[in-house]
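Trainee: I would like a close look at how side chains pair up in this model. Please take the aromatic rings, then the charged groups.

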Amino acid sequence: MNKVKAILIKTAAILEVVLTAIFSLAAPLLLFSVFWMFRTWNQLTMDELVFHLTGPLEGTNSDMVREYLIQCALPALLVFAVILVVLFLLRKKRFFYLITGVLLLVWILVCLGALYVTANRLELEDYVDSQGSYSGFIDSNYVDPAETSVTFPEQKRNLIYIFLESMETTYADGASGGAFEENVIPELTKIAEENEDFSGFGASINGAHAMKGTTWTMGAMFAHTSGLPLNIPIGQNDMGTQDSFFAGATTLGDILSEEGYSQTLLLGSDATFGGRRLYFTEHGDYDMVDYEYARKNGMIPEDYSVWWGYEDEKLFQFAKEKLLELSSQDNPFNLTMLTVDTHFEDGYLCEKCPDTFGDNQYANVMACSSQQVAEFISWIQEQDFYENTTIVLAGDHLTMDSDFCENVSGDYDRKTYVAYINAAQQTQKSEARDYTTFDLFPTTLAALGADIEGDRLGLGTNLFSMEETLTETYGEDYMNGELKKKSRMLNRLADIDEDVPELQGNDEAEETPQATVSVGIYESQTATIPIIVSDIQNVENDIGSIVVCAWTKEDQSDAQWSQLTENEDGTYGIHLNTLPFADRSAVVRMQIFLLDDEGTSYFIGEKAALMQDGQQGMTANRS
């Protein structure tokens, strides 16, 4: 018995030493990595982190990898080496195992602390909860471009779409609608003021909100061109192994390809990074002119590499050459570009960059980008093809730089930069629009002169039209809250086949009840909102009832349930009473459910309407 006890004690002692050694490497590495991650990605979100962790690393900035090795891996190895030396020197001391035990406990607490900070900063609990719940928001508000008439003019306009890395309206001065004391992007500010940014008659430039699932470059490029967030389940998010990228979605590239456009993606980094090559190849068959193409085709020396590949100065020069080539063709073209010098952290300072802002490198890089874009636009306007060409300048997302906007007030509404130049349409609204990057999808088509049935595509609204955007209808906070949840429609468009939990008592078979939900104009005399449910399909059993849940408060504490009445023509309707709601000018949000005669509940639509005269609710069908 004593012998067994001795063996167990010895085994436990060895295990303690081994675990102490392992944690002496793992804990410092984890701690340094967490500090580095949040210092580098100041506004990192969980959906972005998941996307990149499951995506291909090919094309990652080598400077960033080097920085991680120097700031995280090397210090962790030094701590590990010191610990090993100390433990080796103390190995024969009587208190050796006490020291290893205490050290092991300290390292475990360090790991737990680092994980807690990470979970708290990334709002992990909220993310996990949202990934475990389904929302009908996308399902009921998505307008499928494949089923919507988009008619182009006989003479089709060319498109130049420039994604401006991390470009915000924030960088302008306060008088222009920005948040900085001194305007860092004066040329871009002037372009927005002289062209269309949907700011109405106001003096402030306007931009787009970057919503959940769109706050990194690939998520942004996807949102701009499909009107959808890049929000899919963790297990299905591995862009390194996927052979398709939202195969069920119809995008800007798909539509322009169908219309005979020649399409090119020009960028100074590796297009493989983040799934860009896969997406733009599958949706529109774009020619890829990226860093690897430039290196292999003699555009730059084979061993040339700065920042993420090559700098924007070369990008704009290559773009000029490409545009002269494309404009000589008979068919219309779409040249899509992505700048990179303004990427965090602090950007890339090329030879053309001024030192206007002293040692504030990122401000100098932004100013440099503003100048280069303006020079490029001026060159285009001097070319013969410009008359029939629309240019879109769009910041992809808000900057992730750790400190560039640290002095910006939390009350300031940060937006991505937007400007439409030489558009084929003029906006019909005189007031500033509240819009997101989803809205740029149909707006870009409208800027090319295309007529869009209903003026909505994806989750986007044609900003040249009178149609309300989803943020104007639902509000940004509510919309973001729904976008971070899972969506059955998004899964279908991404070609994801997975088992899903019940939603309101419904297993959602392949053919589930669907209907058209229409919300009419608020009637102030009776304080009611008319709702009509029609075109009811796929109901296996008889309809028991159709009910609506309506509320105005974010926490749904004022929610009320009402039953719709069956009409003689088979539709169901109600004049929803809004008197119970305290705020008489609030947005009334509604979810509509169908209950069959067996008591099973099916979600069939989500709508909203303002309690103001003449304000009509959204009328998009649930797909």
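This is a predicted model: local features need pLDDT of at least 70, side-chain atom pairs count only at pLDDT 80 or more; totals for chains, interfaces and linings use all residues.

Now the pairs. A pair of aromatic rings is described by the distance of the centres and the angle of the planes. The structure holds 30 aromatic pairs. One of them joins Tyr171 and Phe404, with ring centres 5.3 Å apart and planes at 65 degrees, an edge-to-face arrangement. Tyr171 sits in the loop between β2 (158-164) and α7 (186-194), and Phe404 in the loop between β7 (389-395) and β8, so this pair ties together parts 233 residues apart in sequence. Tyr171 has 0% relative accessibility, so it counts as buried. Phe404 has 10%, so it counts as buried too.

Phe333 and Phe385 also pair edge-to-face, at 6.0 Å centre to centre and 75 degrees between the planes. This pair links distant parts of the chain: Phe333 is in strand β6 (residues 333-338), Phe385 is in the loop between α13 (361-381) and β7, and they are 52 residues apart. Both Phe333 and Phe385 are buried.

Next, the charges. Side chains of opposite charge can pair when their charged atoms come close. The model has 12 salt bridges. Asp270, Arg277 and Asp290 are linked in a network of them. Within it, Arg277 bridges to Asp270, with the closest N and O atoms 3.3 Å apart. Arg277 has a relative accessible area of 27%, so it is partly exposed. Asp270 is at 5%, so it is buried.

Glu468 and Lys429 meet in a salt bridge at 2.6 Å, N to O. Glu468 lies in the loop between β11 (460-461) and α15 (470-474), and Lys429 in the loop between β8 (416-421) and α14 (440-447), so the bridge ties together parts 39 residues apart in sequence. Glu468 is partly exposed, at 21% relative accessible area. The cut-off for buried is under 20%. Lys429, at 10%, is buried.

Arg433 bridges to Glu472, the closest N and O atoms being 2.9 Å apart. Distant parts of the chain are linked here: Arg433 is in the loop between β8 and α14, Glu472 is in helix α15, and 39 residues separate them. Arg433 is buried, with a relative accessible area of 3%. Glu472 counts as buried at 17% relative accessibility.

Conventions. Residues are numbered from 1 along each chain as its sequence is written. Side-chain values use heavy atoms; hydrogens and water are left out. A salt bridge is a side-chain nitrogen of Lys or Arg within 4 Å of a carboxyl oxygen of Asp or Glu. Buried means under 20% relative accessible area, exposed over 50%, partly exposed in between (1.4 Å probe, protein chains only). Helices (H or I, at least four residues) and strands (E, at least two) are DSSP runs, numbered from the N terminus. Rings of Phe, Tyr and Trp (its six-membered ring) pair if their centres lie within 6.5 Å; planes under 30 degrees apart count as stacked, over 60 as edge-to-face and the rest as tilted.
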